[in-house]
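Take a look at the sequence and the model, then read on.

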Amino acid sequence: MTEQEVIELIDSSLAEEFELERAEMTPEANIYEDLGLDSLDTVDMVIVLEGAFKFKIREEESVRAIRTLGDIHQFVLTKVAENS
Amino acid sequence: MALEPVVITGAGVISALGHSLETLTSALLRGESGVRYVPELEHVGGLRSRVAALVDGIDPKQIPRRFRRSMSRMSMYAYLASVQALEMGEFPEEYLANGRTGVIIGSTLGSTETSERFFADYFTDHSLERMRSGLFFQLMGHSCAANVAQSLGITGRVLAPASACATSCQAVGYAYEQIAFGRQDAILCGGADEFHPLTVATFDILHAASTAYNEDPQQASRPFDAARDGVVCGEGSGVLLLESKKSALQRGAPILAEVVGFATTSDTSSIANPDVNAMYTCMRLALEDAGIEAHELEYANAHATSTMQGDIAEVQALAQLFGDKVPVSSFKGHLGHTLAASGAIELGATVAMMRRGEIAATRNLHTIDPQCSGVSLLQRNLQISPKYVLKNNFAMGGINCTIILRSYTHD
């Protein structure tokens, strides 16, 4: 997958799961303050990403540091690169 | 201590015959049926009944996702009915979080549909890695009550009675007692259930589900009729807003009726079969609570689910109570059996009919079963505005429940 394809899959998966407006899904968007997610949603976010990319990230410490959509992009891109 | 008089100031309904109390009441008075053929039941092995009264036209997205994620369909129905009840009662938003407003809403089970979906996935590899955060909140026994309280910001007492078909009748009774005792000023009370083939199967394996009218679904539910052959399952929610009369008068709320009597008892003769004396005892206790005699009743809304045994037992108990002096009907010929929702849906409709001055007859009651004789069963709508009304609900597990209503006159 290209970097753009990875980002598109992340954004489309999260938009569908959390009913987000794509226009609001900028890399700078804070997932809590701007996109309105909460701690329960982050549990489901991990499951959505694991399902979309077929990797396991639930135990990863760095998941907890995620604050922005851009953080998610970078995290997943790193994981995808590690696994390829 | 003096007890607070309790009144009904609002009611909400999600049903196969409409998504408001007014719509439902008009449909019942017109004698409409919400029952239809359900093709998905063809695929359930061993199931003979193919009919049900299902709710249509609910857009889940009208509920904010933040609240909806923890809701199965039954909680959505309960939420929407609760919103209607608060609107009808013109209930001030600032009262919701004052600790004096509560929620008592129950269901037969947590969501069976959610449970089935989860286990269908789980059994593929016995992995919990795909389990969503909202799962438990849809499965828990107090899912409807908790979801209504959370989504509406209600901070008082939250209870979730679970007594199958008597659930919402008990919910109304328990709300009445808590308000009468001065512990809460207002309570959203009722029940909800969502359709699942397992519910139909529960009755079918006991030979208590309708199976003879699969080709003519609107004839399938026929309480007291000689040709009845069992329950038709329904779904939906009914929620009443109960309030202390003092609170309702202080804020100038519309008062629809008073709740003046309640009893609930356990029938230990059988976990499944009704007992005439146990039913009679429950009704007597409710009348005693209301401080009235049976002859003062002017209408009784029966539980009557269209089963062979249940309808006969209830008629015998009613006959023992007031003979043929009081008109009796059941709304399950129109709506099927909405299970945990039935008590509050039928109470709401009864209140609306008391105010309209017209009581709906039992749909499909063409030939009264000779074994259901001895009471005055309504085969045509009756133009009356009854003062005192009795409402029954009886449940498997030996749970009996009766509510007594009094019409409210503004004086």
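Which residue in strand 13 of chain B stands opposite B:Tyr299? That would be B:Val389. What you see is a predicted model, in which local features need pLDDT of at least 70 and side-chain atom pairs count only at pLDDT 80 or more, while totals for chains, interfaces and linings use all residues. Residues are numbered from 1 along each chain as its sequence is written, with chains lettered from A and ligands numbered from 1 in the order in which they are written.

**Confidence**

- Chain B has an average pLDDT of 97, and 99% of its residues score at least 70; pLDDT is the predictor's confidence in each residue, from 0 to 100.
- For the complex, the predictor gives an ipTM of 0.91 and a pTM of 0.96.

**The 11-strand sheet of chain B**

- In chain B, 11 strands make an open sheet with mixed pairing, in the order 5-4-6-8-1-9-14-13-10-11-12. Strands (E, at least two residues) and helices (H or I, at least four) are DSSP runs numbered from the N terminus, and two strands pair if DSSP finds at least two bridges between them.
- The edges are strand 5 (158-159) and strand 12 (376-377) of chain B, each of which pairs on one side only.
- Strand 10 (residues 297-301) and strand 13 (residues 388-395) of chain B are parallel, paired over 4 bridges. B:Ala300 has B:Leu390 as its bridge partner in strand 13 of chain B.
- Helix 3 of chain B packs on this sheet and touches strand 1 (6-14), strand 4 (101-106), strand 6 (186-193) and strand 8 (236-244) of chain B. The direction of helix 3 makes about 135 degrees with that of strand 1 of chain B; axes are lines fitted to C-alpha atoms, for helices over the stretch in contact, and angles run from 0 to 180 degrees between N-to-C directions.
- Helix 13 (residues 342-356) of chain B lies across several strands, including strand 9 (257-266) and strand 14 (399-407), and runs at about 65 degrees to strand 8 of chain B.

**A closer look at strand 13 of chain B**

- Of the 8 residues in strand 13 of chain B, 8 are buried, where buried means 20 or more other C-beta atoms within 10 Å of a residue's own, exposed means 12 or fewer, and partly exposed is in between, with C-beta atoms placed from the backbone.
- Both faces are covered: B:Tyr388, B:Leu390, B:Asn392 and B:Phe394 are buried on one side, and B:Val389, B:Lys391, B:Asn393 and B:Ala395 on the other.
- Strand 13 and strand 14 of chain B run antiparallel and are joined by 8 bridges. B:Tyr388 sits opposite B:Arg406 in strand 14 of chain B.
- The hairpin of these two strands has 3 residues between them, and there B:Gly397 takes a positive phi near 95 degrees.

**The 3-strand sheet of chain B**

- Another open sheet has 3 strands of chain B in the order 2-3-7, again with mixed pairing.
- Strand 2 (35-37) and strand 7 of chain B have a single partner strand each, so one side of each is left without a neighbour in the sheet.
- Strand 3 (residues 51-53) and strand 7 of chain B pair in the parallel sense over 2 bridges, with B:Ala52 opposite B:Cys233.

**Nonpolar cores**

- The largest nonpolar core has 132 residues, and B:Ile105, B:Val172, B:Cys189, B:Leu240 and B:Leu242 have the most contacts inside it. Such a core is a set of buried Ala, Val, Leu, Ile, Met, Phe, Trp, Tyr and Cys residues joined through C-beta atoms within 7 Å.
- Helix 3 (residues 73-88) of chain B gives the most to this core, with 10 residues.
- Apart from that core lies another of 9 residues, among them A:Ile10, A:Leu14, A:Leu20 and A:Leu49.

**Where the chains meet**

- 5 residues of chain B are in contact with 8 residues of chain A; contact means that the C-beta atoms, placed from the backbone, lie within 7 Å.

**Loop residues**

- A:Lys54 has a positive phi near 55 degrees although it is not glycine, and lies in the loop between helix 2 (39-53) and helix 3 (69-83) of chain A. A:Lys54 counts as exposed because it has 8 C-beta neighbours inside 10 Å.
- B:His207 also is not a glycine, yet has a positive phi of about 60 degrees. B:His207 is exposed, with 12 other C-beta atoms within 10 Å.

Key
Two residues are in contact if their C-beta atoms, placed from the backbone, lie within 7 Å.
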